[in-house]
Amino acid sequence: MRSRNGDNWFGSVRSADAELYNEARTLRDKSRWMVRNNPFAAKATASLVSNVVGEGIIPRPVTGSPSRDRKIWEAFQRWSFRCDHAGRLDFYGFQALLFREMVEGGDSLVRRRHVKKRGPGDVPLELQLLEADFLDPMRNGVLNEGALTIQGVEIDMKSQKRRAYWLYPYHPGNLPYFYGGEPMVSQPVPADEVLHVYEMQRTQTRGVPWGTPAIERTNQLNDYELAEIVRKKTEACVVGFVIGAENADEDSVGIKVQDADGAEVEHFEPGMIPRLHGAKDVKFNTPTAVGGYGEYKTKSLQEIAAGWRMPAELISGDLSEVNFSSMRGGLVEFRRLVGTIQWQILIQMALQPIWEWWCEAAWLAGIIDEPYVPVEWSPPEFAWVDPLADAQTAAIEVRNGFRTWQDVVAEKGRNPDDVLDGIRAFNTKVDDLEITLDSDPRRTNAKGVLQAVQEEDAGEEPELSRPNRQHGRARGVRSPAAVRSARGGSLRELQRGRQHDRHRVDDGRERPPVRLVGRDRIRRGPVGRL
């Protein structure tokens with residue numbers, strides 16, 4: 001509505017790229033300054049990284065063959081330790097730094113680097129992480145025939161697909177300090193060699209820092225706190241004045257302040273009682289208390305947290321005003337946001353293309369037998385406020401058929417097949433040692449009371465998972481099928497212990513395979529083009 005109160009609202013018709021044309025660098029600089037110097041911006045960034053990436057988002061090949069999946073997984077794990085072109089991070093640390101740079105700077109770039117094969121079983125591929133500053137912002141307009149370049153991103157005008165990225169060879173921020181004035185010229189890199197990761201709020205070509213809506217409020221809160229600190233320091237500088245002349249001859253127009261030794265004082269400091277020239281009386285300073293500081297800061301933090309799209313308690317760390325229901329409700333909404341970021345941005349724009357790069361390189365190196373392998377991505381487990389209530393709820397849902405046991409196990413951070421293998425191996429071991437545990441559902445109920453012995457039909461081979469499976473046969477005597485199962489389970493446990501345990505969290509739990517990502521590809525051409 002056009003009115004006197006709304007005339008100062010200027011609504012432009014510019015595109016998102018036009019809005020960012022002159023402002024992207026300013027937003028990045030301010031955002032990075034906030035993360036470096038403001039504790040709330042630093043905490044918001046760290047909290048987003050820990051919730052979205054955490055210990056890492058794990059790929060699991062799903063070819064349908066367990067042995068083949070294991071071989072592919074072990075090859076990927078070996079590569080994950082040396083995937084970083086800089087040689088500093090593994091694949092999961094690379095994910096965290098990639099997402100952090102996207103949050104702080106608005107864009108992240110991943111460049112594919114083909115390297116020499118170092119030995120058998122090695123995949124000749126490395127990933128180079130580049131900050132948004134590597135994109136040349138001065139490359140704009142029609143630079144090549146049929147292509148439009150926006151902020152260093154070259155786009156085909158006919159297909160609207162990205163052709164190339166104009167990248168600097170070095171970080172432009174290092175130029176005046178380390179390269180001695182050497183001219184910095186950007187060069188085009190084919191688009192299929194670069195991944196550009198950012199959040200699309202419109203159909204823009206470049207991203208913006210995630211804390212952009214909170215920049216102004218954060219700066220205002222800094223100014224308010226600085227004013228309060230200066231006021232408090234000013235009030236604390238002077239406790240009182242010794243005033244009043246003993247005779248008229250000592251009066252003067254100017255004020256001369258002396259310390260206890262008679263030297264003139266030109267500055268004040270907290271707790272000081274200055275003595276004026278010719279003074280004989282004492283007047284104490286009485287600072288006036290100003291209320292509302294706590295309320296203003298609380299409301300400001302809530303607005304800042306809204307700009308970061310996360311609960312205020314995660315930014316401030318203050319849980320004094322929350323209860324179980326409010327905290328859980330806030331985390332439910334935040335968990336939805338985290339899932340959206342994981343699946344629609346990080347996995348879609350970065351991790352899935354990286355997996356396809358790895359499959360192609362591993363296939364060309366003879367490590368795997370197909371140029372593309374279907375994959376499941378397993379984000380880290382999202383911990384709840386009350387795990388006991390969640391476990392009871394899950395048990396009720398499974399018992400009533402609302403969910404499957406496999407779904408519950410997957411959400412708890414483990415692979416259902418691995419859980420079943422572990423249960424079978426553990427049950428075989430405790431049976432061999434003739435140990436009965438209160439937690440064994442085959443022998444005891446939920447209260448630890450022994451269950452009634454179940455009679456078996458004559459001639460029926462008892463199943464491994466049947467309760468009281470030792471009853472009905474001589475103690476210590478096992479069937480050949482049980483012996484083979486025990487040996488096979490022990491061998492699998494030994495092999496599982498030898499492999500890299502990065503797909504497990506610290507307490508031994510595995511992350512869940514959540515969703516199948518990727519499509520079947522058709523091989524076109526003799527070199528396996530996808």
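pLDDT is the predictor's confidence in each residue, on a scale from 0 to 100. This model is predicted. Colour the whole protein by pLDDT to begin. The average is 78, and 71% of the residues score at least 70.

**Stop 1**

Select strand S8, residues 194-197. Its mean pLDDT of 96 is the highest among the elements of the protein. Now select H14, residues 480-498. H14 has the lowest mean, 47.

Stay at this end of the chain and select residues 493-509. Here pLDDT stays under 50, and the model has 34 contacts beyond four places in sequence for this stretch. Move on to residues 511-530. The pLDDT is below 50 here too, with 66 contacts in the model beyond near neighbours in sequence. Where pLDDT is low, the predicted coordinates should not be read in detail.

**Stop 2: the three-strand sheet**

Select S2, S3 and S8. They form an open sheet in the order S3-S2-S8, with antiparallel pairing. S3 and S8 are the edge strands; each has a single partner strand, so one side of each lacks a neighbour in the sheet. Direction ignored, neighbouring strands are turned by 20° against each other on average.

Show the S2 and S3 pair, residues 108-114 and 125-131. Seven bridges join these strands. Pick Arg113 and find Glu126 of S3 opposite. Then pick His114, which stands opposite Leu125 in S3.

S2 and S8 pair over four antiparallel bridges. Val110 faces Leu195 of S8 across this pairing.

**Stop 3: the four-strand sheet**

Select S4, S5, S6 and S7. These four strands make an open antiparallel sheet in the order S4-S5-S6-S7. Which strands stand at the edges? S4 (147-150) and S7 (187-190) do; each has a single partner strand, so one side of each has no neighbour in the sheet. The twist averages 30° from one strand to the next.

Walk across from S4. Four bridges join S4 to S5. Ile150 stands opposite Val153 in S5. The hairpin of S4 and S5 has two residues between the strands, and Gln151 there takes a positive phi near 55°.

Go on to S5 and S6, which run antiparallel and are joined by three bridges. Select Glu154 and look for its bridge partner, Ala164 in S6.

Now select the loop between S5 (153-156) and S6 (162-167), where Gln160 lies. Gln160 is not a glycine, yet its phi is positive, about 65°. Is Gln160 buried or exposed? At 56% relative accessibility, Gln160 counts as exposed.

**Stop 4: the nonpolar cores**

Show side chains. The largest nonpolar core has 72 residues. Select Trp79, Phe99, Trp210, Trp308, Trp355, Trp358 and Ile368, which touch the most other members. Which element gives the most to this core? H10 does, with 19 residues.

Centre on Trp355. Beyond its neighbours within four places in sequence, Trp355 is in contact with these residues:

- Pro59, Pro61, Ile72 and Phe76
- Tyr372, Val373, Val375 and Trp377

A second core of 12 residues is separate; select Leu109, Phe134, Ile155 and Ala191 among its members.

**Stop 5: the kinked helix**

Select H10, residues 324-364, and follow it along its length. Where is the kink centred? It is centred on Ile347, with a bend of about 65°. Just after H10 comes Gly366, with a positive phi of about 80°.

**Stop 6: one more positive phi**

Most residues other than glycine have a negative phi, and most peptide bonds are trans. Select Glu434, whose phi is positive and near 55°. Glu434 lies in the loop between H13 (416-432) and H14 (480-498). With 51% relative accessibility, Glu434 counts as exposed.

Key
Residues numbered from 1 in each chain as written. Heavy atoms only, no water. Bend = angle between axes of the 7 residues up to and from the residue. Buried < 20%, exposed > 50% of the residue type's maximum accessible area, 1.4 Å probe, protein only. Contact = heavy atoms within 4.5 Å. Pairing = 2+ DSSP bridges. Core = buried A, V, L, I, M, F, W, Y, C linked by side-chain atoms within 4.5 Å. Axes fitted to C-alpha atoms, helices over the stretch in contact; angles between N-to-C directions.
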